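Visitor: I am new here, and I would like a friendly tour. Could you show me around?

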Amino acid sequence: MAKQKYYTVWAGHKPGIYTVWAEAEKQVRGFANAKYKSFPTELLAEEAFKQGATSGTRNKAPTKRAQSAGTDAGANAVDTDVAIYCDGACDPNPGKAGTGIAIYKGKKLNQLWYGLYNPAGTNNTAELLGLYHSLTLAKGEINKGLSIAIHCDSTYAINCVKKWAEGWKAKGWKKKNGEIKNLDIIKPAHALYVEIAPYIQIQHVSAHSGIEGNELADRMSVIAIERRELDLVKYTDALSITEILSMARG
């Protein structure tokens, strides 16, 4: 008789612990960068789930559709339950800055957010704030058992949060060749990313390349500057995508 196994899915359509491989497989099949592993006991599976994914996890190869999502993704090209697009604008740079976010659920536009106006900001701070608040919004969706992809057109913001921060942190948030700018945003953003990394994807998209979600987030960042909105608030005006896209872009 085959021994009972327990399957921990950290990153999949529905993260959790499964007792039947067929059910676990459904959660990782077609899910880009899925993370999962089998354990001989339920206790080990539960402990591993709480600790998050480790180097021993298995990563399922992304589908062709997901592999191309880095620079030419559509509204929800990585096929997740939720797609979050973030962007920042600054005019001039440095100068008046604002942030915008567009959220898709079931491949349909669900929410638009704008704000975080800073009269003395930069494009980098606006982009970082967009990614940080996207992570915050993503955390709420993860708690509902939904799969998330965040799309950001700033390689600087993505690298700060996903790549460089770990090294800076290990060195006491210092680097050899000078000051690390924007640590007031990078530190909390990185901490949040580490907390929810097994359950999300962060994808880079090309700016102003016709990707609807990215374009809408861009327009929201401009509205944030125009309205000088300090908080991050929902856009509650008439939700006409065509009308919004016809507005000035950042």
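**The core and the sheet**

Guide: Welcome! The largest nonpolar core has 34 residues, and L135, I150 and I200 have the most contacts inside it. Such a core is a set of buried Ala, Val, Leu, Ile, Met, Phe, Trp, Tyr and Cys residues joined through side-chain atoms within 4.5 Å, where buried means under 20% relative accessible area, exposed over 50% and partly exposed in between (1.4 Å probe, protein chains only). This is a predicted model, in which local features need pLDDT of at least 70, side-chain atom pairs count only at pLDDT 80 or more, and totals for chains, interfaces and linings use all residues. Residues are numbered from 1 along each chain as its sequence is written, and side-chain values use heavy atoms, with hydrogens and water left out.

Visitor: Which element gives the most to this core?

Guide: β5, β6, β7, α5 (123-142), β8, α6, α7 (183-196) and β9 each supply at least two of its residues. Helices (H or I, at least four residues) and strands (E, at least two) are DSSP runs, numbered from the N terminus. The top contributor, with 7 residues, is α7.

Visitor: Which residues does L135 contact, beyond its neighbours within four places in sequence?

Guide: Contact means heavy atoms within 4.5 Å. With those neighbours set aside, the partners of L135 are I150, V161, A189, L192, Y193, I196, I200 and I202.

Visitor: What is the order of the strands in the open sheet of 6 strands?

Guide: Two strands pair if DSSP finds at least two bridges between them. The pairing in this open sheet is mixed, and the order is β9-β8-β5-β6-β7-β10. Pairing on one side only, the edge strands are β9 (200-204) and β10 (232-234).

Visitor: How many bridges join β5 and β6?

Guide: β5 covers residues 82-91 and β6 residues 95-105.

Visitor: Is T80 buried or exposed?

Guide: T80 is found in the loop between α4 (69-72) and β5. Leaving aside neighbours within four places in sequence, T80 is in contact with F31, S147, I148, A149 and Q201. Because its relative accessible area is 4%, T80 counts as buried.

Visitor: What separates the C-alpha atoms of T80 and A32?

Guide: Along the chain, T80 and A32 are 48 residues apart.
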